[in-house]
Amino acid sequence: MFGLDINTFEVKNYFVQKISKSTFAWRVIEVLQGVSFSTNYLMFYKWHLLKKTSINEINIEFVSYCNLRCKLCSLDHEKPKVRMSAQTLKHFFEDLLSDKRFRSVQTIHLYNAGEVLLHPKLEEMLSIIKHYKQEAQKTGKHFPKVALLTNATILDEENSNIIINSGVLDNIRFSMDGGNKEKFEEMRLRAKWDTFVKNITTFCELNKKSAKPIPTGIITLVEYENKLNTTWMSSEFKKLLDMVSGYELRYAHNWGGDVEIQELKDKKKKEYKVGCSLLMHQLVLLPNGDITVCCADLNSKGVIGNILKEKLHTIYMKPQRLEMLNKFMKGKKSEIDLCKDCETF
């Protein structure tokens, strides 16, 4: 997505908005998604024709908690606060990079439910990833691209320099919802607009001066009453969008049914839908070493194993996950507790 100019994003968002209003268009998309899922299911899990996994992205959650209370987020702030240890991160990369079947992984996302920058040893964690990235490059092994998403509320000059100087990231994105200052602070509770603006500005200035600037982006949740374009947004909001490499405007989803969104309340749950791209192509590593099946599972309901106790590929092929894939293949989404109330992807 990075490297695309803003006009390209405006065109994309225009078509997304048009499609969202067309039942026929969505049915066509769902059929195509179903064909893709079915093909992958047969190739990877039924006939075992490919000597690699179906996973193309893995999320790594450094901490299980967040400093914000965003109104469209399903994170349970009462659950235990856990930080990933350096040893757990090393264990993960040793396993991942030693197994040729996981060369299918194209991207590692350094985020999930918790805010990445809250990890007290952020610099050490990034240095571990850099070590494995360099080792892979030396031996000619594949290493996934590394992306980070942050709410930027504590992205001060010190953290900015840590990230920029780490030499780890292939892109970084910032969450900036709303469309103006008032709506931003209403949607992203505890976040202060002025601090956010200062942090993004500081990061972009430092990043621009670096030897190898990191491509930047913004993800903005837009309320359903607004269009997926910038014409109605405040000038200060649009100024920040212009500051980064590219941006993406989105309508909110319901986080597996854990967040009630009025505009989605009356829509069918699509029990008939064949397949889910997240379940097919994604795994999430949690701070304690647990693996869950999907980034929409912010509260660890879909945990299927722990990398400190078993190999990543063993977890990937766990009966619980295979059964979920099988039910989606048969259009039995309603029988999967984790997924039955989700919009699906």
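Leu285 stands opposite Ile291 in β8. This is a predicted model, in which local features need pLDDT of at least 70 and side-chain atom pairs count only at pLDDT 80 or more, while totals for chains, interfaces and linings use all residues. Residues are numbered from 1 along each chain as its sequence is written, and side-chain values use heavy atoms, with hydrogens and water left out.

**Strand β7 and its partners**

- Strands here are DSSP runs of E with at least two residues, and helices are runs of H or I with at least four, numbered from the N terminus.
- β7 (residues 282-285) and β8 (residues 290-292) pair in the antiparallel sense over 2 bridges; pairing takes at least two DSSP bridges.
- These two strands form a hairpin with 4 residues between them, and Gly289 in the turn has a positive phi of about 95°.
- Strand β1 (residues 57-60) runs parallel to β7, joined by 4 bridges, and Ile58 has Leu283 as its bridge partner.
- Gln282 and Val284 on one side of β7, and Leu283 and Leu285 on the other, are all buried (under 20% relative accessible area, 1.4 Å probe, protein chains only).
- In a regular strand, side chains alternate between the two faces of the sheet.

- Beyond four places in sequence, Phe62 touches residues including Val82, Met84, Leu122 and Pro287 (heavy atoms within 4.5 Å).

Conventions: Buried < 20%, exposed > 50% of the residue type's maximum accessible area, 1.4 Å probe, protein only.
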